[in-house]
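Walk through this fold one piece at a time. Begin with a loop, move on to the helices, and finish with the remaining loops.

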Amino acid sequence: MVIRRVVAPRIDFGALRRELGLPEGFPAAAQREADEAAAAGPPAGVDRTDVPFVTVDPASSRDLDQAMHLSRRPGGGYRVRYAIADVAAHVRPGGALEEETWRRGQTVYLPDGNVPLHPHTLSEGAASLLPDADRSAVVWTIDLDGDGATVAVTLERARVRSRAKLDYVGVQAAADAGTLPEPIALLPEIGALLTERGLRRGAVNLPLPEQDVEPDGDGWRLVLRGPVPMEDHNAQISLLTGMAAADIMLAGGIGLLRTMPPPKPEAVARLRAAAAPLGVHWPEGTGVGELLVGLDASQPRAAAFVDQAAELMRGAAYTAFDGPLPEQPEHGGVAAAYAHVTAPLRRLADRYATEVCLALHEGRPVPDWARAALPKLPEVMATTDRTAGAATRGAIELAEAVLLEHRVGETFSAAVLDVDVPPNGQQKPGRQPGGTVALDDPPVRARCVGELPLGERIQVRLVTADPVRRTVTFERA
């Protein structure tokens, strides 16, 4: 794995937190409910502590939503066991904690600490699938045939015990050495099968690099990190589960899907124009998904191309239904119906979608508290998605501005990713033409003014780097 780091002075993210209205703590009643639930321990459930589950997450994570165990089926094919933190077992419907989680919607991550959906006593304690401790989970058992097609799905509330907290870097090293632990030894094999099935469906898996702001001594640094292959394989297990959940809800006529229209042809055309100057060879007849899966997103030019490809993923939403099925139930990136059920510690919607799946699978009525929540969740999740996105963008924009503040006037090599195109083809009076450029080093994507040739490499001059306004602007040199 290649990590590019750029050192920046110490940054105060307090203004960004205040601007977004992020809460500093939990109300006393909500915190008390969380502490009481944590002290009570996991509720009774089917005992699956004999299954040697393990978790695979970033090394610093403690809010562990998922644990897995993979095995071969005696008659051929595979068995995927996926344990998801049973957050509903710890949050009382109608209580102060549930009310507060609706206000937050999801965990918001910032370089100087996250703003969690649930108090740490649950999210990084009693509800997290930390190793060597009994935890309540919803266990999905998904049987696959030899080609990776789903042939059976079951789910149940159970008591589980993770055996190890693994991280992506260590797991990748073990995979390269052929020493993966038994619970995930099949992950490369199953992950590759599921990826191939997705590409044949027309799925677009974005190997999005993480552009993080991390502590660095007395300051911060901007880091560009591409996903390792095992991270992609791990994501395929989550996608597999989300598709199984969507199928259950569609068959039952009630649920909450994650939907998105397929990429628009004009967006694909703009992406193709950006490929050559970024050093990305796009053979004729190769689909977007097939192209992206082979890119090394840890390299700045490839990362800029993947970032531009994210423009294809427009219009994602949560779609609730109870009775008539949605007219458009699919997610364009997955190329199938899909639902969020695998991250309930970090996303509010997953808790309720999971309850719907459990009820439908067991042949019992969906609980009233879950059914009543479904039509309200899309708006709440859309609002908090915007807040979480603004926090991520704001942190990166602030770091970029601080990083470049003393380099105003310098010239950089950049690729033109996008160009302003007014609806009528005419620029408004007084508005300069421009677009978006991506620098190789440092790994910055920003506004550039001037007549820009789409998809070509040009020289640009830094004209603005304002940490207060969190803006970086270039002009064509």
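**Loops and helix packing**

R470 sits in the loop that links β17 (457-466) to β18 (471-476). The model is a predicted one. R470 is not a glycine, yet its phi is positive, about 55°. Most residues other than glycine have a negative phi. R470 is also buried, because its relative accessible area is 16% and the cut-off for buried is under 20%.

A second residue shows a positive phi. A335 is not a glycine either, and its phi is about 60°. A335 lies in the loop between β12 (330-331) and β13 (336-337). With a relative accessible area of 18%, A335 counts as buried.

Now take helix α6, residues 187-201.

Which residues of α6 are buried? They are L187, I190, G191, L194, T195, G198 and L199. An α-helix has 3.6 residues a turn, so residues three or four places apart point the same way. The buried residues of α6 pack against strands β4 (66-72), β5 (78-85) and β6 (134-144), and against helices α7 (229-252) and α9 (288-293). After α6 comes G202. The phi of G202 is positive, near 105°.

Helix α7 leads on to another contact. Two packed helices are described by the angle between their axes and the distance between the axes. For α7 and α11, the angle is about 60° and the axes are 9 Å apart. The crossing of α7 with α11 is left-handed. From α7, the residues A245, I248, M249 and G252 take part. From α11, they meet A353, V356, C357 and L360. Seven residues of this contact of α7 with α11 are nonpolar, one is polar and none is charged.

Helix α11 (residues 348-362) also packs with helix α13 (residues 377-404). Their axes come within 10 Å and cross at roughly 155°. Angles over 145 degrees count as roughly antiparallel, and α11 and α13 therefore run roughly antiparallel to each other. The crossing of α11 and α13 is left-handed. L348, A349 and Y352 of α11 meet L377, V380 and M381 of α13. The residues of this contact of α11 with α13 are six nonpolar, no polar and no charged.

Beyond α13, the chain reaches another loop. G409 is in the loop between α13 and β14 (411-419). Is G409 buried, exposed or partly exposed? Its relative accessibility is 43%, so G409 counts as partly exposed. Where does G409 make contacts, leaving aside its neighbours within four places in sequence? G409 touches R461 and L462. G409 and R461 are 52 residues apart along the chain, but their C-alpha atoms are separated by 5.9 Å.

One more loop lies between β10 (254-259) and α8 (265-275), and P262 is found there. P262 has a relative accessible area of 57%, so P262 is exposed. The C-alpha atoms of P262 and G21 are separated by 34 Å. Along the chain, P262 and G21 are 241 residues apart.

Key: Residues are numbered from 1 along each chain as its sequence is written. This is a predicted model: local features need pLDDT of at least 70, side-chain atom pairs count only at pLDDT 80 or more; totals for chains, interfaces and linings use all residues. Side-chain values use heavy atoms; hydrogens and water are left out. Axes are lines fitted to C-alpha atoms, for helices over the stretch in contact, and angles run from 0 to 180 degrees between N-to-C directions. Helices (H or I, at least four residues) and strands (E, at least two) are DSSP runs, numbered from the N terminus. Angles under 35 degrees count as roughly parallel, over 145 as roughly antiparallel, 65 to 115 as roughly perpendicular and the rest as oblique. A crossing is left-handed if the near helix is turned anticlockwise from the far one by less than a right angle, and right-handed if clockwise. Contact means heavy atoms within 4.5 Å. Ala, Val, Leu, Ile, Met, Phe, Trp, Tyr, Cys and Pro count as nonpolar, Asp, Glu, Lys and Arg as charged, and the others, Gly among them, as polar. The expected span of a helix is 1.5 Å times one less than its number of residues. Buried means under 20% relative accessible area, exposed over 50%, partly exposed in between (1.4 Å probe, protein chains only).
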